[in-house]
Amino acid sequence: MQTLSMGIDIGSVATKGVLLNQDHEILDKVLLPTGWSPKKTGEAVYRLILEKKRLMADSTLDPRSSMNPRVVVTGYGRVVTDFATKAVTEITCHGKGAQILHPKTRTVIDIGGQDSKVIHLSEKGKVLDFLMNDKCAAGTGRFMEVMSTSLGVEVGELSALAEGYKARKINNMCTVFAESEVISLLAEGAAKGEIARGIINSTAQKAAVMLKRMGIQEEVFLTGGVSQSPLFRKALEEELNISVYFRQEAQFVGALGAAAIGLDIKG
Amino acid sequence: MRPSLMKQVEELRGVNSVKIKEASEQGKKVVGTYCVFSPHEIAMAADAIPVTLCGTKEEPIAAAEEKLPRNLCPLIKSSYGFAVTDTCPYFYFSDVLLAETTCDGKKKMYELMGEIKPMHVMNLPQQGEGEENLKFWETEMKRFKSFLEESFDRKITDEDLKAAIKLGNRERQVMKDLHELNRVKPAPLSGKDMMMAQWLKGFNVDKEAGIHLIEDLITETRDMIKEGKSPYTTETPRILLTGVPIGAGSEKVLEILEESGASVVALENCTGYKGLDRMIDEEKEPMKAISEKYLSTPCSCMTPNNSRLDLLSRLAKDYQVDGVVDLTWQACHTYNIESYQVGKFVKEELKMPFIQIETDYSNSDRGQIKVRVEAFLEQIQGEY
C-alpha cells in the first residue's frame, strides 16, 4: 500500500486540507471556512478527506491506525487538534509547499487572513530567513475584509467591484482609521469601485514594503487567500516592478507543504 | 536538572526587600538606579547601598499612562509607574535617585520622576569613543561624587573608591563566571535561571552574601557539568539573546524560546552579560578607571555602537551559538533601528540565523511570538 500524507492548514479565515502520495501528487484538496472553532473545523476537514477517499479504517481519529495517513497540522490552529502526527509552523510549510509547486521559488509572500509573511528559500526549499507582520491587521486579508464590509460586499467580490475603476487612494494603514476614511470617501460621493481599487492597492503597497525590507530574490511566489484577487496580483507586480508567480492552488501551499513534511517523517 | 541553590537565588527577591527596609531603618543611605551606566561603586564608596529600581512589570503601566504617552517603551512606563504608585520597596527606601541621559524617552521621563524624589542626572555623552568624551564623562562622574558627598554629608576618599572598586569587580567577576558556565554544551543552566540570577544581583543589599551565594551556585553547577547533567541535549538549539534588558515580569520571549525547545545560553543585554564583560582597572586612578569602564558599555543609545557587534561576535563563538534573537521593546527607537544593523551583521558576518522580536510587557501577542520562535527554531534545525 502506498504511503499517504495529509496536511491541514488551519488559518484564521479558511482551513485547507491536502492529501498527497509519495510522488507529491495531490489526490484531494478541501477548503472550509474556519469559523469560530479551529479545532472542529480542522477535524471536519480531516474527516471529509478520509471519507471521500474511503481511508477511514474505523470511526476513530487515530492517526496511528494503519489505514489512516499521517497528518501534519499547521496554521494558527496547529496546536488545538488531537489527531495530528506533528505540528509544524506555517512558515516552514509554506516554504516546502512553494518549492514543490514551483521549484524556482526563492521568495514566498503569503497574505493570509490575519498575518502576512515573507520567506526566503534556498534552492532546496529550506527557510533561510523570514519576516512576519506585526500584531496589526494592516496589509492582511482582514484589512480587505473589514473594508469590503464597509462597502457592503463580500471580500471575494472586491476584485470584481474594482475592475475598470481608477483607484481612490486610501491613506490609513490602520484598519480602524481606514474604515472611517472609506466612509468619508463614500460620503464625498466616490464610486465604490474606485474605493475598492484603492483598498486593493493599499494592501499591495504594504506587502511590497515588507518584501523590499527582506530583499527580493526571484522568483517570487504569491500565496494565501488574498492571492485569489487578480487585481491584487496586478497591483503587487506594479509596486515591485517584477512578475510574481501565482497558481490557482496558491491558497493550499501551506497545507501542501505540511503534507509533504508528513511524507518525510520517518516511521 | 536544576541546581538546588536556584531556590535560594529566587528567594533573594523577598530577602532583599526585607534587608533594604532594615538597612534604611538603621540609617544606611540608599541610592536608587535604573541603568547599567550607573556607577554603583561611587555610591558604595559613600557607604551607601546602590540598588536597581523596579521597571520590569506590566502592572503599574496603566498608572504611568496618566502622564506619559501610550506609545512609549514599556520599560520607561513601568519604571515611572512603579515610582508614581509607590509600589517598589527599593524606590520607597531610596534616599536619592541616580539617572543618566541615555535615550530620549528615559531622560524626559526622569524630569517627571525628579518631582517625586531627589534625583541626580548624569549627562552621558552620545559617543562612547574618543578622549574628549571620556574626559567629559569623568567630570560628570566627579559631579555625581560631589552630589553624594553633599547629600550624605561625607567625604569620599580615594581609599573608599578603591575598596568599592574591588568589591564591585569581585561581584562582576563572579556573575561573569556564572554566565560563562553556559559555554558548555549542553548548557547546565536554563536561560531563565541565568537571567533570574543575573537580574537579582541588582537588588543585592548585602554584596558579600550575594557573592557567596553565587560562588556556591557555581560550585554546584560545576558538579552538574562533571556528572553530565543538563536540562538540554547536545541537539538543543543554542540561542544568544540580545537587545533590551529583561527581568521578572518581562521575560516573555525568553520563556517562549525555552518552552519551544531552545536553550538560551547567552544574554548579551544589560541585565545579562553587557555590564560584566569589562572590569574596572584597579591599577588606575579610581575616578578615571570608573569612567572608562562605564563609558565602554555597548548601549544602543551610543552612536555608533560598533562594540555591540564585537561583543556579539565573541559571545556567538564562545557559546557555540546556533542563532541570535534580538528582543526590542515597542517604541524603543534606538534598539529598533539598530536591529537592522545587528541583523545584517549576524546574517552576513556571523552567517547565522537571526530574528528580531518587537513586543511589550503584555501577553496579548504570545501566540504570534510563538509562531515566529517555532519557525525560527525549525529554520535552525533545518529538518524539513
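The entries that follow record what I looked up.

**Conventions.** I note that this is a predicted model, in which local features need pLDDT of at least 70, side-chain atom pairs count only at pLDDT 80 or more, and totals for chains, interfaces and linings use all residues. Residues are numbered from 1 along each chain as its sequence is written, chains are lettered from A and ligands numbered from 1 in the order in which they are written, and side-chain values use heavy atoms, with hydrogens and water left out.

**Entry 1: interface.** I looked up the contact (heavy atoms within 4.5 Å) and found 19 residues from chain A and 21 residues from chain B. The buried area, meaning the accessible area (1.4 Å probe) that two parts lose on being put together, summed over both, is about 1700 Å² between chain A and chain B, and carbon and sulfur atoms give 51% of it. I counted two salt bridges across this interface, a salt bridge being a side-chain nitrogen of Lys or Arg within 4 Å of a carboxyl oxygen of Asp or Glu. D129(A) pairs in this way with K347(B), with the closest N and O atoms 2.6 Å apart. On the side of chain A that touches chain B, the elements that give two or more residues are α2 (90-101) and β8 (127-132) of chain A; helices (H or I, at least four residues) and strands (E, at least two) are DSSP runs, numbered from the N terminus. β8(A) gives the most, with five residues.

**Entry 2: R70(A).** I placed R70(A) in strand β4 (residues 70-74) of chain A. The R70(A) side chain reaches the backbone oxygen of G262(A) at 3.1 Å.

**Entry 3: helix α3(A).** I found eight of the eleven residues of helix α3 (residues 141-151) of chain A buried, so this helix is largely enclosed by the rest of the structure. Among the buried residues are F143(A), M144(A) and L151(A). The buried residues pack against β6 (107-111), α4 (158-162), α5 (175-187) and α6 (192-214) of chain A. G152(A) follows α3(A) and has a positive phi, near 80 degrees.

**Entry 4: salt bridges within chains.** I recorded 45 salt bridges over all chains. K52(A) and D28(A) form one, at 3.1 Å between the closest N and O atoms. K52(A) lies in helix α1 (residues 38-52) and D28(A) in strand β3 (residues 26-33) of chain A, so the pair ties together parts that are 24 residues apart in sequence. K52(A) is partly exposed at 49%, whereas D28(A) is buried at 9% relative accessibility.

D326(B) is in strand β7 (residues 323-329) and R308(B) in helix α13 (residues 306-318) of chain B, 18 residues apart. D326(B) is buried, with a relative accessible area of 0%, and R308(B) is buried at 0% as well. Salt bridges that share partners join E268(B), K274(B), R308(B), D326(B) and E338(B) into one network.

Terms used
A polar contact is a pair of N or O atoms within 3.5 Å; within protein, one must be able to donate a hydrogen and the other to accept it, and residues adjacent in sequence count only if both atoms are side-chain atoms. Buried means under 20% relative accessible area, exposed over 50%, partly exposed in between (1.4 Å probe, protein chains only).
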